[in-house]
Amino acid sequence: FIYLSMTNIIYIHGFASSGNSEKASLLKKEFPEDRVISPTLSPDPKQAIKQLHQIVSRNENVIVIGTSLGGFYATYIACVYDVPAFIINPSLEPYISIKKLLKTHNGKRLGTDEPYDFKEEYLDDLKNIYDNIHITDKDGYNLHFYISSDDELLTFEKLDALFPRKVHKKVFDKSGHRFSRFKEIFPDIHVVLDRLNQL
């Protein structure tokens, strides 16, 4: 696909995950590996957003893909920079949902011994980012949502009210919070990348 010479894909991982996640690997198998940018983000939301701003500013054309907390960050980046976003099982209000997770979180990144020290004070930072999403929200024509009907961690009943002008919302069953049907959204990504190439 010629468009991949111009467009980079930024994958934004979820809470306590990393840039080496399974979904990042799947994207690198589907698209040229050198066009998939998958950073390991700081648990500090201010630092994570700074990392993402730096990546977007270095790349002229991007799309963002995010899952869970990464879906929240992807929504913010899409609204600020007016770029397409593929948002999977997003934490719509992470300052609420992550507060519940902190009770059981072991302080490490998933599947590793690497520290992931998410401090309770970061919840206020997430709330500030949440408020800014709605201040900077565009028409919503860049937002593509994919959610699991059987997500065991998050609920999405507020999604339609928060983002009434989204491109679409697709609901998947038997995919869980981890969204095991991730590869099924690849055709939609190809369509958007192809459209970007036509501009």
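Predicted model: local features only at pLDDT ≥ 70, side-chain atom pairs only at ≥ 80, totals over all residues.
The largest nonpolar core holds 42 residues. Within this core, Tyr-73 and Leu-126 touch the most other members. The biggest contribution comes from helix α3, residues 69-81, which supplies eight residues. A second core is separate and comprises 19 residues. Its members include Phe-31, Ile-88, Phe-172 and Ile-189.

The surroundings of Tyr-73 were examined with neighbours within four places in sequence left aside. Its contacts are then Ile-12, Leu-41, Pro-45, Ala-48, Ile-49, Leu-52, Leu-126 and Ile-129. Of these partners, Pro-45, Ala-48, Ile-49 and Leu-52 are among the residues of α2 that meet α3.

Helix α2 spans residues 45-58 and packs on α3. The angle between the two is about 45°, and the axes lie 11 Å apart. Angles from 65 to 115 degrees count as roughly perpendicular and those under 35 degrees as roughly parallel; α2 is therefore oblique to α3. The crossing of the pair is right-handed.

Helix α4 covers residues 94-101. Buried positions in this helix are Pro-94, Tyr-95, Ser-97 and Ile-98. Viewed down the axis of α4, the buried residues fall within an arc of 165°, so they line one face of the helix.

Asn-89 sits in the loop between β4 (85-88) and α4. Its relative accessibility is 0%, so Asn-89 counts as buried.

Ser-18 lies in the loop that links β1 (7-12) to α1 (22-30). Its relative accessibility is 16%. The cut-off for burial is under 20%, so Ser-18 also counts as buried. With neighbours within four places in sequence left aside, Ser-18 is in contact with His-13, Thr-40 and Arg-109.

Technical notes
Residues numbered from 1 in each chain as written. Heavy atoms only, no water. Core = buried A, V, L, I, M, F, W, Y, C linked by side-chain atoms within 4.5 Å. Buried < 20%, exposed > 50% of the residue type's maximum accessible area, 1.4 Å probe, protein only. Helix = DSSP H or I, 4+ residues; strand = E, 2+ residues; numbered from the N terminus. Contact = heavy atoms within 4.5 Å. Arc of directions from axis to C-beta. Axes fitted to C-alpha atoms, helices over the stretch in contact; angles between N-to-C directions. Parallel < 35°, antiparallel > 145°, perpendicular 65-115°, else oblique. Left-handed = near helix turned anticlockwise from the far one by under 90°.
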